Amino acid sequence: RRPNLSDTSEVVKWVNNCRWHWFGDIVPSKTLPNELKGKMKYLFKSLKNDGGKENNLVMFYSIEPNTDDSFFHCHFLIRDDLGVLKEKEITNRLELVCEPNTSTETRIYLKKYDYYNFGKRGSDYTLKRLEYGFEIMK
């Protein structure tokens, strides 16, 4: 059951109790929170309807300010209970909402969520700043 989004303690508990399959972030250039919200909604819809069939995805994202400028970036977690998403598919979709990585800049970070090595650090990291925006999409 999706938690009440106005109660951040419920959101934190819910995120920490989910079994996530992917952890990542995007750092698009010169992006404000409302633009990031639109990018994440597009990403979710695109992944959810991958291949013309709807799959059972859940995504949580949070927005936080960049350290070097007055713009924002986004951390996200994806739950893919059916195991249908492949890293390349996700990366291709991420490159539609964010500039691709170059030899000098990492704008997209995506990693399979490894509970053995990560524990809850990935979800904790995604939850560290919620005041600029967050959402749970199912």
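This is a predicted model: local features need pLDDT of at least 70, side-chain atom pairs count only at pLDDT 80 or more; totals for chains, interfaces and linings use all residues.

Biologist: Which side chain does glutamate 131 meet in a salt bridge?

Modeller: That of arginine 129, with 2.8 Å from N to O. Arginine 129 has 29% relative accessibility and therefore counts as partly exposed.

Biologist: How many salt bridges are there by this rule?

Modeller: The count is five. Among them is the one between lysine 41 and glutamate 135, whose closest N and O atoms are 4.0 Å apart. This pair links distant parts of the chain, since glutamate 135 belongs to strand β5 and lysine 41 to helix α2, 94 residues apart.

Biologist: Is glutamate 135 buried or exposed?

Modeller: Buried, with a relative accessible area of 19%; the cut-off for that class is under 20%. Lysine 41, at 40%, is partly exposed.

Biologist: And what does lysine 128 pair with?

Modeller: Lysine 128 forms a salt bridge with glutamate 64, and the closest N and O atoms are 3.5 Å apart. Lysine 128 sits in the loop between α5 and β5, while glutamate 64 is in strand β2, so the pair ties together parts that are 64 residues apart in sequence. Glutamate 64 counts as buried at 8% relative accessibility, whereas lysine 128 counts as partly exposed at 41%.

Biologist: Let us turn to the strands. Which strands does β2 pair with?

Modeller: β2 pairs with β3 in the antiparallel sense over nine bridges. β2 also pairs with β5, again in the antiparallel sense, over four bridges. The β2 and β3 strands form a hairpin, with six residues between them.

Biologist: Which residues stand opposite each other there?

Modeller: Opposite serine 62 is histidine 75 of β3. On the β5 side, tyrosine 61 has glutamate 135 as its bridge partner. Glutamate 135 is also the residue that forms the salt bridge with lysine 41.

Biologist: What does methionine 40 touch?

Modeller: Leaving aside residues up to four places away in sequence, methionine 40 touches Ile26, Met59, Tyr61, Cys74, Phe76 and Met137.

Biologist: Moving to the helices, which residues of α3 are buried?

Modeller: In α3, residues 87-97, the buried ones are Ile90, Thr91, Arg93, Leu94 and Val97. Viewed down the helix axis, they fall within an arc of 165°, so they line one face of α3.

Biologist: Why would such a spacing put residues on one side?

Modeller: An α-helix has 3.6 residues a turn, so residues three or four places apart point the same way.

Biologist: What do the buried residues of α3 pack against, and what is on the face turned away?

Modeller: The buried residues of α3 pack against β1, α2, β3 and β4. The face turned away carries the exposed residues Lys88 and Leu96.

Biologist: And what covers the buried residues of α1?

Modeller: The cover includes β2, β3, α5 and β5. The buried residues of α1 themselves are Val11, Trp14, Val15 and Asn16.

Biologist: Where does serine 123 lie, and what does it touch?

Modeller: Serine 123 lies in helix α5, residues 121-127. Its contacts, not counting residues up to four places away in sequence, are Val15, Asn16, Trp20, Leu77 and Tyr113. With a relative accessible area of 1%, serine 123 is buried.

Biologist: One last item: what is the phi of lysine 30?

Modeller: Phi of lysine 30 is near 45°, a positive value in a residue other than glycine. Most residues other than glycine have a negative phi. Lysine 30 lies in the loop between β1 and α2, and at 64% relative accessibility lysine 30 counts as exposed.

How values were computed: Residues are numbered from 1 along each chain as its sequence is written. Side-chain values use heavy atoms; hydrogens and water are left out. Helices (H or I, at least four residues) and strands (E, at least two) are DSSP runs, numbered from the N terminus. Buried means under 20% relative accessible area, exposed over 50%, partly exposed in between (1.4 Å probe, protein chains only). Contact means heavy atoms within 4.5 Å. The arc is that of the directions from the helix axis to the C-beta atoms. Two strands pair if DSSP finds at least two bridges between them.
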